[in-house]
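Keep the sequence beside you.

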Amino acid sequence: MAPSDSDSLLERAYTDAVERVDDLDETRTRILDAAYEQFCRLGIRRSTMEDVARRAGVSRVTVYRRFPTKDALVEHVVRREFRRYFDRFLADIEQARTAADRVVLGFVSSLRAIRGNPLIGGLITAEPDLIVPSMVSDGGRTLAIVRQFVAGQLRREQRAGNVSGDLDTDLVAELMVRISASFLAIPSQVVDLDDDGRLAAVARRFLVPMLEPAGSAD
């Protein structure tokens, strides 16, 4: 079923990642690759459809046949990058042996992948009004889809017997996502976000204890 126009970029990217959607249109892929490189080099505002067509080695008409507007092209490029983020996240946490390790790796992986992405991280820094509103000013829908993703991972841990069945997975996921989002949106003068070891220590000290249900320490 095709996504509705109201679906957020992150919702579609997540669906693509989970369902392993692949793009078999080579020309479309070439255009997306060219647009990604163009946007990374000059930013979105300074780039034109003609620039993308030239870099892709196709005509402007060919670009418009696949992407009727520049906004549509930008949406698909950003969506593909978020899908890569979800793919990378899922691959990273597979390396961990325990639920606690997966929380730590997931936190570090998320911040590193988004901040280190030449397009997404660059837009958050250089052109935040183009991407941040779609991530944080959409009535909470973007945070909700990431929360659902994290809550789903926590429920998998419950089914595997790795965390307590009494854990409020939705609440814990909400807190974890909001903490991660705040680091992305607001620069920290206390935590060096480029130091994976520091991020891991923060996650182990403050996020891992969330895996214990309320009252379990009593």
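This is a predicted model: local features need pLDDT of at least 70, side-chain atom pairs count only at pLDDT 80 or more; totals for chains, interfaces and linings use all residues.

Residues are numbered from 1 along each chain as its sequence is written, and side-chain values use heavy atoms, with hydrogens and water left out.

The protein has eleven helices and zero strands. Helices here are DSSP runs of H or I with at least four residues, strands are runs of E with at least two, and both are numbered from the N terminus. Of the 218 residues, 44% are buried. Buried means under 20% relative accessible area, exposed means over 50%, and partly exposed lies in between, with a 1.4 Å probe and protein chains only. Contact means heavy atoms within 4.5 Å. Among contacts with a separation of 6 or more, 67% join residues 24 or more positions apart.

Now look at α6. This helix has 18 residues and reaches 25 Å from its first C-alpha to its last, close to the 26 Å expected at 1.5 Å a residue. That expected span is 1.5 Å times one less than the number of residues. Its buried residues include Val 103, Phe 107, Leu 111 and Ile 114.

Two packed helices are described by the angle between their axes and the distance between the axes. Axes are lines fitted to C-alpha atoms, for helices over the stretch in contact, and angles run from 0 to 180 degrees between N-to-C directions.

Helix α5 (residues 70–93) packs on α6 at about 150°, with the axes 9 Å apart. So α5 is roughly antiparallel to α6, a term for angles over 145 degrees. On the α5 side, the contact includes Tyr 85, Phe 89 and Ile 93. By class, the residues of this contact are six nonpolar, three polar and four charged.

The axes of α6 (residues 99–116) and α10 (residues 169–185) come within 11 Å and cross at roughly 30°. So α6 is roughly parallel to α10, a term for angles under 35 degrees. From α10, the contact draws on Met 176, Ile 179, Ser 180, Phe 183 and Leu 184. Eight nonpolar, one polar and one charged residues make up the contact of α6 with α10. Ala, Val, Leu, Ile, Met, Phe, Trp, Tyr, Cys and Pro count as nonpolar, Asp, Glu, Lys and Arg as charged, and the others, Gly among them, as polar.

Finally, find Cys 40 in helix α2 (residues 26–42). Cys 40 counts as partly exposed because its relative accessibility is 29%. Leaving aside neighbours within four places in sequence, Cys 40 is in contact with Pro 118 and Leu 119.

Definitions and conventions:
Angles under 35 degrees count as roughly parallel, over 145 as roughly antiparallel, 65 to 115 as roughly perpendicular and the rest as oblique.
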